[in-house]
Amino acid sequence: MSPAAPSPAAPTASVLFVCVHNAGRSQMAAGFLIHLAGDRIEVRSAGSLPAEQVNPAAVEAMKEVGVDISAEQPKVLTTEAVKASDYVITMGCGDACPIFPGKHYRDWALDDPAGQGVEAVRPIRDEIRTRIEALIAEIDAKQEV
């Protein structure tokens with residue numbers, strides 16, 4: 001008889017990624033964080049002016065590295081999502097993001113992949129992955145203190 005699986009631990013932190021359309025940068029960041037951290041970190045993404053669908057070039061670029069974001073849908077940014085998150089990572093949404101005390105805010109200056117082909121999206125994707133790996137290390141270091 002095999003031992004029972006341990007019950008899943010609660011996420012150690014929650015992260016909200018915000019860009020204007022919630023169709024490219026924030027979707028790629030959320031996809032990488034879920035892929036690399038699993039359920040250790042709660043992940044949300046939203047946009048100040050959400051698009052109709054996720055950018056097909058972003059979907060293709062992520063598929064190339066084994067991360068499927070094809071089922072995702074752009075979501076509107078809400079005050080509740082910001083309040084429920086420990087980290088709020090903005091990517092060009094300007095002043096649309098509400099600020100609350102006690103949250104960790106980061107603004108990632110990344111090129112907007114909107115309207116660009118997959119060749120132009122790849123370097124943006126790779127930069128996002130590097131930043132996600134650093135964010136995971138930062139969150140993990142805070143948990144060890």
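The protein chain has four helices and four strands; helices are DSSP runs of H or I with at least four residues, strands are runs of E with at least two, and both are numbered from the N terminus. Along the sequence the pattern reads β-α-β-α-α-β-β-α. Before I go on: this is a predicted model, where local features need pLDDT of at least 70 and side-chain atom pairs count only at pLDDT 80 or more, while totals for chains, interfaces and linings use all residues. Residues are numbered from 1 along each chain as its sequence is written, and side-chain values use heavy atoms, with hydrogens and water left out.

I'll take the pairs in turn. Strand 1 and strand 2 run parallel and are joined by seven bridges. Within that pair, Leu16 has Arg44 of strand 2 as its bridge partner, and Ser14 stands opposite Glu42 in strand 2. To get from strand 1 to strand 2 the chain passes through helix 1, and this β-α-β crossover is right-handed. Right-handed means that, with the strands pointing away from the viewer, the path from the first strand over the helix to the second runs clockwise.

Contact means heavy atoms within 4.5 Å.

Is Asn22 buried or exposed? Asn22 is buried, with a relative accessible area of 0%. The cut-offs are under 20% relative accessible area for buried and over 50% for exposed, with partly exposed in between, using a 1.4 Å probe and protein chains only.

On to strand 3. Strand 3 pairs with strand 1 in the parallel sense over five bridges, and Val18 stands opposite Thr90 there. On the other pairing, four bridges join strand 3 to strand 4, also parallel, with Tyr87 opposite His104. How many residues of strand 3 are buried? Five of its five. Tyr87, Ile89 and Met91 point one way, Val88 and Thr90 the other. In a regular strand the side chains alternate between the two faces of the sheet.

Last element: helix 4, residues 118-144. Helix 4 has 27 residues and reaches 38 Å from its first C-alpha to its last, close to the expected 39 Å; the expected span is 1.5 Å times one less than the number of residues. Its buried residues include Ile124, Arg125, Ile128 and Ile132. Which elements cover the buried residues of helix 4? Among them are strand 1, helix 1, strand 2, helix 2 and strand 3.

Finally, the whole chain. Buried residues make up 39% of its 145 residues. Of the contacts with a separation of 6 or more, 71% come from residues 24 or more positions apart.

Terms used: Two strands pair if DSSP finds at least two bridges between them.
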